[in-house]
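I opened the model to look up the ligand site.

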Amino acid sequence: MPFYKSIQINETTNAHFWEITEDVTSLFRAVSLKDTSLFRLESMKSEAHQCGFLAVRMLLQHLGYTDFDLSYDEVGKPHLIDGKHISISHSHEFSAICISDVIIGIDLEKLKEKTLKIAPRFMDVNHLEGLEVSEQIEKATVIWGVKESIFKIKNEKGISFPEHISERTFDLKDGICTAELRFNNQLETFSIQFYPVEAYIFVCAIPN
Ligand SMILES: CC(C)(COP(=O)(O)OP(=O)(O)OC[C@H]1O[C@@H](n2cnc3c(N)ncnc32)[C@H](O)[C@@H]1OP(=O)(O)O)[C@@H](O)C(=O)NCCC(=O)NCCS
């Protein structure tokens with residue numbers, strides 16, 4: 001049962017991680033699924049995707065919930081039956097969920113060179129100046145995670161990562177930053193916490 005760890009984000013917000021070492025059959029046998037989830041699982045093309053999906057259900061069970069307590073709205077955003085807020089992310093060998101009394105968005109992203117290569121498409125690369133390549137990869141991954149996390153909070157049609165979401169200057173060692181969404185003539189700010197988790201970056205955004 002490789003429950004990996006929890007991170008307390010604030011008094012009412014906790015993130016939980018599952019390291020996927022099981023095969024899809026073992027995970028499937030260990031969870032109870034409602035019919036809609038069974039259909040979704042069957043429609044997934046890759047076993048890695050199925051494992052990530054099932055590992056989220058393992059985390060729910062670890063916390064005293066089941067798949068029956070989780071539903072999705074029309075845009076694919078997950079909701080818990082007890083009114084608490086939930087955000088979900090999976091990446092390769094890890095699945096993560098974050099549960100909170102307040103709205104949150106999370107993203108878990110594997111560190112890889114490709115993120116740096118595509119950085120000009122989603123961020124202001126001046127923010128990477130003066131860093132070693134490994135730090136540039138890390139920072140670009142954090143910024144990607146910031147944008148995904150804010151998108152998961154807002155998920156409004158028309159939000160563009162490079163145009164509408166920007167991070168204020170921050171240092172990697174701080175583990176926190178502030179980000180802004182400027183969209184539809186409105187400015188919203190978000191408090192961001194980010195953590196390295198093995199070869200991944202975990203980001204959690206909370207609206208201010
Ligand atoms: C929806 C989206 C945020 C998912 O992110 P991802 O990195 O592909 O995948 P993750 O594993 O981190 O997250 C997937 C989970 O997000 C959640 N999710 C999906 N749609 C969501 C939405 N609209 N709002 C909030 N959460 C959502 C789901 O729980 C999903 O997992 P599950 O279906 O297995 O429960 C992403 O696909 C997306 O659309 N991003 C915006 C794309 C974009 O604008 N890119 C611009 C690049 S310049």
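I call a residue near a molecule if one of its heavy atoms lies within 4 Å of it. This is a predicted model, where local features need pLDDT of at least 70, side-chain atom pairs count only at pLDDT 80 or more, and totals for chains, interfaces and linings use all residues. Residues are numbered from 1 along each chain as its sequence is written, and side-chain values use heavy atoms, with hydrogens and water left out.

**Entry: ligand shell.** I found 18 residues around the ligand, and R40, Y72, S89, H90 and K152 come nearest. I sorted the shell by type: eight nonpolar, four polar and six charged. Here Ala, Val, Leu, Ile, Met, Phe, Trp, Tyr, Cys and Pro count as nonpolar, Asp, Glu, Lys and Arg as charged, and the others, Gly among them, as polar.

**Entry: polar contacts.** I took a polar contact as a pair of N or O atoms within 3.5 Å. A side-chain N or O atom of R40 is 2.8 Å from a ligand oxygen. For S89, the side-chain N or O atom is 2.7 Å from an oxygen of the ligand. K152 places a polar side-chain atom 2.8 Å from a ligand oxygen.

I then checked cover, using Shrake-Rupley areas with a 1.4 Å probe. The ligand alone exposes 920 Å², and the protein buries 71% of that.

**Entry: domains.** Where does the ligand lie relative to domain 1 and domain 2? It lies between them, because domain 1 (3-102) and domain 2 (107-207) both give residues to its shell. The bounds come from an automatic or database domain assignment.

**Entry: G83.** I computed 53% relative accessibility for G83, so it counts as exposed (over 50%, 1.4 Å probe, protein chains only).

Conventions. Polar contact = N/O pair within 3.5 Å; in protein donor to acceptor, adjacent residues only side chain to side chain. Buried < 20%, exposed > 50% of the residue type's maximum accessible area, 1.4 Å probe, protein only.
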